[in-house]
Amino acid sequence: MLIKPASDIKPSEITPESVYRSRRRFMAESFAAAGTAAALPAGALPAAWLGQREVRPGQPIGEDLTPERDATRYNNFYEFGADKGDPAAHAHEMTVDPWTVNVTGAVAKPGRIDIGALLSGIDLEERIYRLRCVEAWSMVIPWIGFPVKKLLDKFEPAGDAKYVAFKTLHRPAEMRGQRSLASSIDWPYVEGLRLDEANHPLAIFAVGMYGKVLPNQNGAPLRLVVPWKYGFKSIKSIVEIRLTELRPPTTWNLSQPREYGFYSNVNPNVDHPRWSQATEKRLPAGIFASRIKTRMFNGYDEVAGLYAGMDLSRHF
Amino acid sequence: MPPLGAQKAVLFVLLGLPLGLLGWDVWGELAEPGSTLGPDPQEAMLHRLGTWGLRFLLLTLAVSPLARLLRRPELVRLRRQVGLWAFAYVLAHFTVYLTLLAGLDPTVLLGDVYKRPYITVGLGALLALVPLAVTSTRGWQRRLGRRWKALHRLIHPAAIAAWIHLLWLSKASYQDAIVYGLVLAALFGERIAFALRRRAAKAAR
Ligand code: HEM
């Protein structure tokens with residue numbers, strides 16, 4: 001069961017009408033008429049390119065979910081502006097259907113492939129993860145997706161592939177942040193992982209959240225979610241996946257190498273020059289909210305083996 | 001022009017409005033969390049108070065150029081109130097930081113001042129404004145005589161420090177820093193041009 005019974009839904013969680021309208025564009029016709037999202041049939045994930053899908057429910061983690069309203073209206077997605085509200089206000093300008101992803105580099109079967117075809121035969125599951133932003137705030141989000149490894153394996157990575165590089169859509173006509181002259185970011189946004197990080201079972205591609213197709217401002221139609229790393233590693237609206245032998249460049253590392261490393265694992269012991277990383281603010285927070293302690297790897301200790309023997313204060 | 005008292009009253013309402021609206025939103029937020037200030041109300045308060053503090057600091061600096069431009073020297077009589085409002089917003093901004101973010105813990109403040117350059121310059125700007133607010137009364141103006149004017153030139157480094165504060169906390173976009181920077185540059189440019197003109201006029205006499 002993905003869609004919560006209506007009685008469980010707090011008023012604050014119900015998607016506001018305006019946001020719902022902006023989503024209509026990529027909802028299948030039959031669902032567009034449904035009125036509110038809560039009225040969708042259980043287990044359904046409607047998107048024109050996705051079709052009807054069953055989704056395996058996720059395991060609760062004993063922490064409150066961030067209300068959907070906050071997770072979809074308080075975003076960093078600088079392609080749409082620098083304020084937290086800009087992505088929700090402007091991301092509807094991005095066309096996500098049709099969408100193709102180019103899988104290339106050190107793979108046996110490279111190719112540019114339509115998002116629908118890319119996802120065919122891949123089972124979807126819900127994953128409830130903490131999301132820790134480098135700005136020292138965090139949320140708990142029920143993603144819908146599948147392990148990164150499942151997708152990569154379809155293209156048969158070559159033996160010498162060591163890294164995976166990802167690229168976000170670059171389309172200034174639909175992404176106003178990319179048109180800004182005041183931006184300090186070099187578009188398109190690029191990110192990367194070591195191949196063994198990408199193949200870790202916790203690393204997923206998401207296509208949905210809160211039982212629905214991913215809203216544009218959260219990285220539709222396909223985004224990465226790497227819960228033990230700072231949020232900016234979880235690149236959105238992916239158009240290219242390239243397997244490489246050499247470590248790929250990553251956007252924030254290029255812009256401020258001393259502030260953002262390639263790994264960017266959540267680490268309370270390594271401070272960012274602007275924010276202490278020892279604690280975080282769990283959102284939504286009240287006026288008098290106090291901070292909670294940040295955990296190594298955001299509490300996902302099972303990834304520690306990936307970094308055995310590495311000095312993580314140097315490889316931050 | 002309406003009498004000075006009426007001008008001052010209108011100004012009081014206008015410049016106090018952003019604070020009043022924020023107070024209203026804080027009230028709503030306390031009554032129903034999440035209703036007015038978004039998922040991170042502390043950040044929203046900091047943002048609004050800091051932004052208006054900077055705007056009113058620039059407005060204070062704009063009063064004498066405006067008086068010259070409009071040939072209305074009496075406008076300068078409104079300057080003290082603008083400056084005091086700027087100080088009030090900045091002080092409230094700092095108070096939100098000190099109470100809600102730093103939890104009144106002096107080691108947090110000192111750690112930030114030491115480690116985070118944008119906080120260091122921000123505090124520098126605030127501290128430079130303190131003596132100006134204190135000596136803004138007519139009594140102090142009389143007591144300090146010519147030194148009052150010299151002292152109140154501290155607003156120039158304070159404004160520059162406040163702008164650097166904004167520049168250094170900008171992350172993905174420099175848009176705000178550029179806009180406020182251009183305004184600041186124009187205000188300083190006008191002052192320099194005015195000083196040069198005055199010197200030339202003196203030399204010609
Ligand atoms: C003249 C003095 C000051 C002015 C005009 C000023 C103005 C500003 C402005 C315009 C912002 C950006 C708001 C935004 O875009 O979110 C800001 C943010 C901030 N200021 Fe100040 N500020 C001053 C002093 C201070 C002081 C003394 C402190 C603390 C010691 C401080 C702490 C902060 C913090 C923590 C932020 C938020 C940074 C972030 O978003 O990460 N400011 N300030």
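Modeller: Start at Leu17(B), where helix α1(B) bends by about 45 degrees; within four residues after it comes a proline, Pro18(B). The bend at a residue is the angle between two axes, one fitted to the seven residues ending there and one to the seven starting there. Helices here are DSSP runs of H or I with at least four residues, strands are runs of E with at least two, and both are numbered from the N terminus. This is a predicted model, in which local features need pLDDT of at least 70 and side-chain atom pairs count only at pLDDT 80 or more, while totals for chains, interfaces and linings use all residues. Residues are numbered from 1 along each chain as its sequence is written, with chains lettered from A and ligands numbered from 1 in the order in which they are written.

What does α1(B) give to the contact with chain A? The contact takes 19 residues from chain B and 20 residues from chain A, two residues being in contact if their C-beta atoms, placed from the backbone, lie within 7 Å. On the chain B side, α1, α2 and α9 (175-204) each supply at least two residues. The largest share comes from α1(B), with 3 residues. By class, this side of chain B has 11 nonpolar, 5 polar and 3 charged residues. Nonpolar means Ala, Val, Leu, Ile, Met, Phe, Trp, Tyr, Cys or Pro; charged means Asp, Glu, Lys or Arg; the others, Gly among them, are polar.

Another of these contributors, α2(B), also gives the most to the shell around the ligand, with 7 residues. That shell has 20 residues, and His47(B), Gly50(B), Gly122(B), Ala125(B) and Ala162(B) come nearest; a residue is near a molecule if its C-beta atom, placed from the backbone, lies within 6 Å of it. Two or more residues come from each of α2 (41-70), α3 (79-101), α5 (117-134) and α8 (155-169) of chain B. The shell has 13 nonpolar, 7 polar and no charged residues.
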